Structure formats: structure tokens, C-alpha cells
Amino acid sequence: MSATWYECKVKYRKTDETGGQKVLTEPYLVDALSYTEAEKRINEEMAAYISEEFKITNIKVANYAEIHPFENADRWFKSKVSLLAYDEESGKERKTNMYMLVQANDVREAYDNTLHIMQSTMGEYSIPAVSESPIMDVFPYFSGEEGETEQLERFNKLKASKPVEVEKIDHMEFEEALEE
């Protein structure tokens with residue numbers, strides 16, 4: 001089942017350690033079927049976290065193909081993955097880009113987590129960019145039906161898990177040129 005992710009910006013007043021208040025606008029990701037459902041869901045989710053008044057300032061469809069939580073990670077990173085395919089009609093190689101949201105503690109870990117995710121991919125690919133995302137949290141959709149409680153538990157378990165070490169491959173071509 002393919003999910004549609006909506007990026008929802010929430011504006012609220014936050015009290016800092018010194019007692020001062022500042023207004024923040026933070027993006028969150030919600031899995032929903034429509035803009036209306038995304039608005040309803042982000043209101044429900046944020047009501048559990050924010051006791052004061054808040055406002056939804058923007059809702060847009062996010063361009064993430066996949067969302068991958070990992071345990072012991074506190075930030076979200078956007079990984080750009082270029083899938084390489086050979087076009088038989090034109091005889092040229094074609095690149096198709098997709099974006100993943102990967103949970104990690106730093107850029108290097110996000111790159112390693114992306115490699116771990118792509119490990120079972122049959123085709124050729126490259127990872128041209130990994131950058132920190134402003135996304136604060138991700139709220140997947142679960143209807144509460146019997147089979148979906150297992151999916152929710154698996155999603156939350158992944159958020160709390162550490163990926164298996166992946167053999168690190170150095171893709172930097174310029175180092176080889178220096179050695180020659």
C-alpha cells in the first residue's frame with residue numbers, strides 16, 4: 001500500500017527555559033488520504049503535545065517515496081536516491097530520482113541508513129545528496145484494526161532500533177586519481 005504524506009506546518013507559542021515565550025512554526029509529516037484528513041489528523045496529534053493554542057499554517061503533499069525510522073535516532077534526514085535504468089529505445093542511461101526520509105543522528109549515519117535500506121535493491125543506484133530535514137516528527141496512519149496494530153508496533157519498534165552494520169563502500173572517485 002502506497003502512502004501519501006502531507007507536510008503540515010504548525011505555528012504555536014513555546015515557553016523556553018528562561019520563562020520567555022517565542023512563536024515557532026514547525027513542519028510535521030502526516031500519512032493521510034486527503035488534505036482534509038491531514039488537517040484533522042495533525043490537529044489530533046498536536047493536541048496531545050501542545051496544551052496551548054496552535055494554528056495549521058500550511059498543508060502540502062510531501063514528495064517522499066519512503067519513510068524509514070531507526071531506533072536511537074532523533075532527527076530526520078532527506079536522502080536523494082538516483083535510480084539508474086537503461087532505456088532500450090533510446091539506448092541511453094536514465095536517472096530517476098526519489099526522496100526518502102531517514103531517521104539518524106547525523107549526516108553520516110543517515111547515509112549509512114540509506115545504504116542499509118537500499119541493500120536489497122536489484123538495480124543500480126547512487127546517493128547524490130543527504131541533508132537534514134526540518135521535519136520534527138512523523139505520524140503514520142493506522143486504523144486500529146487487528147492487522148494494523150502489528151504495523152504500528154513494527155513502526156515504533158523501528159524508531160527504537162539500530163540498523164545492522166553495512167559494509168561501508170567509499171564511492172569517492174577523486175581519491176583514486178590522486179593515487180595514480
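In which sense do β2 and strand β8 pair, and over how many bridges? In this predicted model, β2 and strand β8, the latter made of residues 138-139, pair in the parallel sense over two bridges.

**The overall fold**

The secondary structure of the protein comes to four helices and eight strands, and, read from the N terminus on, the elements follow the order β-β-α-β-β-β-β-α-β-β-α-α. Of the 180 residues of the protein, 35% count as buried, while the accessible surface comes to about 12100 Å², with 47% of that area belonging to carbon and sulfur atoms. If one looks at contacts between residues at least 6 apart in sequence, 66% of them join residues at least 24 apart.

**The pairings of β2**

Strand β2, which spans residues 21-31, is also joined to strand β1, residues 5-15, and here the two strands run antiparallel, with eleven bridges between them. Within this pairing, V10 has E26 of β2 as its bridge partner. β1 and β2 form a hairpin with five residues between them, and G19, which lies in the turn, has a positive phi of about 95 degrees. The table sets the two pairings of β2 side by side.

| Partner of β2 | Sense | Bridges | Example of bridge partners |
|---|---|---|---|
| β1 (residues 5-15) | antiparallel | eleven bridges | V10 and E26 |

**A histidine in a strand**

Which strand holds H68? H68 lies in strand β4, which covers residues 64-68. The side chain of H68 makes a polar contact with the side chain of E66, at 2.6 Å. In a regular strand, side chains alternate between the two faces of the sheet. When residues up to four places away in sequence are left out of the count, H68 touches W76, M100, L101, V102, Q103 and I117.

**A glycine in a loop**

G123 is found in the loop that runs between α2, residues 107-118, and β7, residues 124-132. Is G123 buried, exposed or partly exposed? Because its relative accessible area is 41%, which falls between the limits of 20% and 50%, G123 counts as partly exposed. Although G123 and L83 are 40 residues apart in sequence, their C-alpha atoms are 7.3 Å apart in space.

Conventions:
Residues are numbered from 1 along each chain as its sequence is written. This is a predicted model: local features need pLDDT of at least 70, side-chain atom pairs count only at pLDDT 80 or more; totals for chains, interfaces and linings use all residues. Side-chain values use heavy atoms; hydrogens and water are left out. A polar contact is a pair of N or O atoms within 3.5 Å; within protein, one must be able to donate a hydrogen and the other to accept it, and residues adjacent in sequence count only if both atoms are side-chain atoms. Contact means heavy atoms within 4.5 Å. Buried means under 20% relative accessible area, exposed over 50%, partly exposed in between (1.4 Å probe, protein chains only). Two strands pair if DSSP finds at least two bridges between them. Accessible areas come from the Shrake-Rupley method with a 1.4 Å probe; for residues, only the protein chains shown count as cover.
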